Amino acid sequence: MDLFSPIKIGNYTLKNRIFMAPMTRCRSVQDNVPNDLMATYYAQRASAGLIISEATQISTQGIGYPCTPGIHTAQQVEGWKKVTQAVHDKDGKIFLQLWHVGRISHSAYLDGELPVAPSAIKPTGEVYTLEGMKEYETPRALTIEEIKKIVKTYTQCARNAIEAGFDGVEIHSANGYLLDQFLRDGTNLREDEYGGNIENRSRFLFDVIKAVTAEIGAEKTGVRLSPSGTFNDMTDSDPQKHFTYVCEKLNTFDLAYLHIIDALEGDIKHGANVVELSMIRDVYKGVLITNGAYDKERGDAVIENDQADAVAFGVLFLANPDLPERFQTNSELNEADPGTFYTQDEKGYTDYPVL
Ligand SMILES: Cc1cc2nc3c(=O)[nH]c(=O)nc-3n(C[C@H](O)[C@H](O)[C@H](O)COP(=O)(O)O)c2cc1C
């Protein structure tokens, strides 16, 4: 078995195991609505076994970056229809990544309101806003009632995603955003049933998973975790123990997949605070996608050695719309231009050449 072996995910048989990782590209310039340019970009990459869309807001409260798309207005649903249609026309499959940034926002994005979080703990660092870089603010802790409302918002947005033609959704519980903020004991100091031990800290995530799978089906629902991640000022006293608990419990849902960020930007760390892919593989019994600085060789090896079922490629897919063909023919790869990752037009977006 290798990257080119077909794979079954939920009820879909996918043509290869070369998936496109979710990537924020900031091209939803008008009212956070997906547009024709985005349809072109995703359709160019439809030879992926599965595309996972860029992170997509479930509400205005969930916004933390400019020009990122949402899935909570009728206009946004209509906009996404263009994208899913274009991908399906080229025989691709696409899941939508559901996103709430929590404290990784700023009142400049939130009509003057403070960002929300499990606890009132300010992230170190600065947030990019259209008025320039600003220091993060101390967020406001969510009430239990608000948490329950946000669960409903996830559910509605999962429904919206299916209406917009997506083949499924990925619940974004990685990279220091809202659900990850609840999971970690560095950011969650709550003393109610959503804080304290890992059973409580993961309650929000599992509430969301229960509600979303009941709404659209577990076979159309994936989850993304970054057990070893420190991005967005995440800290955790014992990620091995905590994520073993989470992954064990995920087994009870029969999800489409679990998607793990195994390393970030080539920085493959090892040590006590790292949750190795092999640990996740031992605990989690369903389809496992791995991601993080993979190339063709490492990707083939991880599948051959049965350490994962599929590999998501981020930057390589961004710069190579025809990545599977390039892998198959051992062709040279385009270099990505980080200067255009988050700009607002076609340059560095839809103009990477194919073979
Ligand atoms: C431009 C860019 C935007 C990203 N946006 C997201 C995102 O919206 N959601 C997410 O879960 N990860 C996001 N990531 C992380 C990637 O999905 C992936 O984990 C990371 O790039 C490592 O994989 P790679 O080495 O194959 O690129 C982003 C990465 C990049 C480079």
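Author: Among the 17 residues around the ligand, those that come nearest are Pro-22, Thr-24, Arg-224, Asn-291 and Ala-293; a residue is near a molecule if one of its heavy atoms lies within 4 Å of it. The model is a predicted one, in which local features need pLDDT of at least 70 and side-chain atom pairs count only at pLDDT 80 or more, while totals for chains, interfaces and linings use all residues. Residues are numbered from 1 along each chain as its sequence is written, and side-chain values use heavy atoms, with hydrogens and water left out.

The shell around the ligand consists of nine nonpolar residues, seven polar ones and one charged residue. In this division Ala, Val, Leu, Ile, Met, Phe, Trp, Tyr, Cys and Pro count as nonpolar, Asp, Glu, Lys and Arg as charged, and the others, Gly among them, as polar.

The side chain of Thr-24 places an N or O atom 2.6 Å from an oxygen atom of the ligand. The backbone of Val-315 has a polar atom 2.8 Å from a ligand oxygen, and a backbone N or O atom of Ala-55 is 3.2 Å from an oxygen atom of the ligand. Of the 610 Å² that the ligand exposes when taken alone, the protein buries 90%; accessible areas come from the Shrake-Rupley method with a 1.4 Å probe, and for residues only the protein chains shown count as cover.

Arg-27 belongs to the loop between β3 and α1. Helices (H or I, at least four residues) and strands (E, at least two) are DSSP runs, numbered from the N terminus. Arg-27 counts as buried, at 1% relative accessibility; buried means under 20% relative accessible area, exposed over 50%, and partly exposed in between, with a 1.4 Å probe and protein chains only. A polar atom of the Arg-27 side chain lies 2.8 Å from the backbone oxygen of Arg-25. Between Arg-27 and Leu-37, 10 residues apart in sequence, the C-alpha distance is 7.8 Å. The loop between β3 (18–20) and α1 (36–44) also holds Asn-32, whose phi is near 55°, a positive value in a residue other than glycine. Most residues other than glycine have a negative phi.

Leu-37 has a C-alpha distance of 9.0 Å to Val-83, although 46 residues separate the two in sequence. Val-83 is part of helix α2 (residues 74–89) and is buried, with 0% relative accessible area. Not counting residues up to four places away in sequence, Val-83 touches Pro-34, Asn-35, Met-38, Ala-39, Tyr-42 and Ile-94, where contact means heavy atoms within 4.5 Å. In the loop between β4 (51–57) and α2 lies Cys-67, which has a phi near 60°, again positive in a residue other than glycine. Cys-67 is buried, with a relative accessible area of 16%.

Another buried arginine is Arg-184, with a relative accessible area of 1%, located in the loop between α4 (178–183) and α5 (198–201). Its contacts beyond four places in sequence include Arg-201, Ser-226, Pro-227, Asp-236 and Phe-243. With Ser-226 there is a polar contact: the backbone oxygen of Ser-226 is 2.7 Å from a polar side-chain atom of Arg-184. Met-234, 50 residues from Arg-184 in sequence, has its C-alpha 7.2 Å from that of Arg-184.

The chain as a whole contains 11 helices and 14 strands. Its radius of gyration is 19 Å, close to the 20 Å that the globule rule gives for 355 residues, so the chain is as compact as a globular protein of that length; the radius is taken over C-alpha atoms, and the rule is 2.2 Å times the number of residues to the power 0.38. Buried residues account for 59% of the 355 residues. Of the contacts in the chain with a separation of 6 or more, 71% are between residues 24 or more positions apart. The protein chain exposes about 14,000 Å², with 49% supplied by carbon and sulfur atoms.

How values were computed
Polar contact = N/O pair within 3.5 Å; in protein donor to acceptor, adjacent residues only side chain to side chain.
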